[in-house]
Amino acid sequence: MYYRSTFESVKFYKTKNVLPYINHILLHTAMQTNVHTQKIKTTEYNFSNNKNDQPQNYDMVVFCHLRWQFVYQRPQHLISRMAKTLKVLLIEEPIAFEAEQENTANLIIVEDNLHILQPRLKSIEAITHVLPQYIKNKNVTTGWFYSASFSPLLDAFQFETIVYDCMDELTLFKGAPEHLIHQEKYLLANTDIVFTGGKSLYESKKQDHDNVYCFPSSVDEPHFAQAMNGIEIPADVANLNSPIVGYFGVIDERIDLNLLHQTALKLPKVSFVMIGPLAKIDETDLPKEENIHYLGMRSYNELPNYLKAFDIAMMPFAINDATKYISPTKTLEYMAAGKPIISTKITDVVRDYSNCVSLIETADDFCNAITLLFDKRASALIPLKYTEILKNTSWDSTAAKMQAVIKAFSK
């Protein structure tokens, strides 16, 4: 039996590593992952599929369409911080299973206060069948939703406060099911607090709810600032032609592959590096040139090393429905690494960072920006602008402010 997730499957292209926390497990998930793991410095996590495990009490239940072992992003940053003071169970969409495994689940113990439940079921609605095996209390202080696809599970709990942390307009993504629109309306009708991952999303959701807060994605500045120190550059990029123009993140319909291709053709001596898994597109969709290098997925721990190799960081997003409301987390991560940035004209990037990010529309624009930024004199003042932006943001402060909003609402 195979469960198809909310969207089409994710493929990892020539992947060398998964994220640092996969040490004991290699799961055939609904993302059709084909990966090789490498043990990296991190805590070893316990993995259990024992139906005899005792159910536990949780303070917060999180419902997430993104795999915890996937790209390390907003949910991992925020929920890991929430788990410092709350006992959290994060429920993912169902994973693949054999017939005899139906109505069971994997329970991943990330740390004492943070558990990940991966159900083996035919639908999200059927997750209610396995909940009693793992959760003792139906009365839970906080229900935290990342996707409206989990809205059928609202009635399975009695939440004191329901939070919808909307990080993307999922209804506009490629392959989004039509009923997701109705599910989001239902979730919004039952939600107490809405957080959004960017200003464009905030402006959209405040039309549908009267208690919306904008919390743009933040950054772990010390982590990415390592790129400005003496860390090692990975071997697979160390000998590429300079300059290197690099990207890390999911490679999907949000990337303007034609823009990348045309720019690479115009600048054959520039190396274009793409780091990340494929999602909802196929390897055959990727432009192939000698100066375009697809490295596959790399761990969160390794990203500063790759950033150190970049002369310029890029965000070659397509301007389409899927990017209409995005507020790319990598903007701040690139800044923390001190890298000049080139981006297409994503609304939130234009609004917030036009004074320090080179904005482009065409391949000619892209070429001109690369040429200008590779002249170090042209980018000398950029780090000063970054400092002003970065001093006002961190994942710790974002998580604390969110918790303060929830606490004030619960009084």
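Right-handed here means that, with the strands pointing away from you, the path from the first strand over the helix to the second runs clockwise. Helices (H or I, at least four residues) and strands (E, at least two) are DSSP runs numbered from the N terminus. Keep in mind that this is a predicted model, where local features need pLDDT of at least 70 and side-chain atom pairs count only at pLDDT 80 or more, while totals for chains, interfaces and linings use all residues. Residues are numbered from 1 along each chain as its sequence is written, and side-chain values use heavy atoms, leaving out hydrogens and water.

Six strands make an open, parallel sheet in the order 14-12-11-15-16-17, where pairing takes at least two DSSP bridges between two strands. Strand 14 (292-296) and strand 17 sit at the edges, each pairing on one side only.

Toward strand 17 (residues 358-360), strand 16 has three bridges in a parallel arrangement, and Thr344 stands opposite Ile360. Strand 15 (residues 312-315) also pairs with strand 16 in the parallel sense, again over three bridges. Met314 has Ile342 as its bridge partner, and Met315 has Ser343. Getting from strand 15 to strand 16 takes the chain through helix 9 (residues 330-336), in a right-handed β-α-β crossover. As for the side chains of strand 16, Ile341 and Ser343 point one way, Ile342 and Thr344 the other, and all are buried (under 20% relative accessible area with a 1.4 Å probe, protein chains only; exposed is over 50%, partly exposed in between).

Leaving aside residues up to four places away in sequence, Ile370 touches Val245, Thr263, Leu267, Val270, Phe272, Ile312 and Ile342, with contact meaning heavy atoms within 4.5 Å.
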